[in-house]
Amino acid sequence: GADGCVAFWSTRGGSASENGPQPSQSSGAQCLLRVVRVSSGKDEEAAPRLRCLCFGPEGAVFVTGDFEGNLRVGSLSEDVQPISIAAHVAEVLCLDFSRTGAVLASGGRDGFIHVFDAQSRYAPLQVLDDHTSSVTSVKFCGGAESLS
């Protein structure tokens, strides 16, 4: 969100506990399971305005893209500061993991698609620059590591 946080909610209408979601008597804050701050500071003025979100195939890793062109890779299983990646020179519009989770792609308002090696701490693999305007969607397709 605009506060630099990602909120995780239960779709079952439960609240968090050691045994997972529990039934709730009402909706609202009781359905909130966890909030992860993806910014490095506590100052909301400096918090990144998040634009998009993507989960890895196993659901334990998530990536956010912000209005400044940065990616942040976080973990739902570990309480560690997300990895920050300066990727685009403009807003990140879309994200996708390959089916195996080995590769991450991001598309931005700058017209570029950045491809990262998720198995090597998101090292850059390549930049695809054949678009003449914003990249509004990226999607890995099939069993291969092909991207559309």
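**View 1. Strand β6 meets β7.** Strand β6 (residues 61–66) and β7 run antiparallel and are joined by 5 bridges. Strands here are DSSP runs (E, at least two residues) numbered from the N terminus, and two strands pair if DSSP finds at least two bridges between them. This is a predicted model, where local features need pLDDT of at least 70, side-chain atom pairs count only at pLDDT 80 or more, and totals for chains, interfaces and linings use all residues. Residues are numbered from 1 along each chain as its sequence is written, and side-chain values use heavy atoms, with hydrogens and water left out. Look for phenylalanine 62, whose bridge partner in β7 is glycine 74. In the hairpin of β6 and β7, 3 residues lie between the strands, and glycine 69 takes a positive phi near 95°.

**View 2. On to strand β8.** β7 also runs antiparallel to strand β8 (residues 83–86), with 4 bridges joining them. Here leucine 71 has isoleucine 85 of β8 as its bridge partner.

**View 3. The two faces of β7.** Why is β7 largely enclosed by the rest of the structure? It is because 6 of its 6 residues are buried, meaning under 20% relative accessible area with a 1.4 Å probe, protein chains only. Asn70, Arg72 and Gly74 are on one side, with Leu71, Val73 and Ser75 on the other.

**View 4. The whole chain.** Now step back: the chain has 14 strands and 0 helices. Of its 148 residues, 40% count as buried.

Note on methods
Buried < 20%, exposed > 50% of the residue type's maximum accessible area, 1.4 Å probe, protein only.
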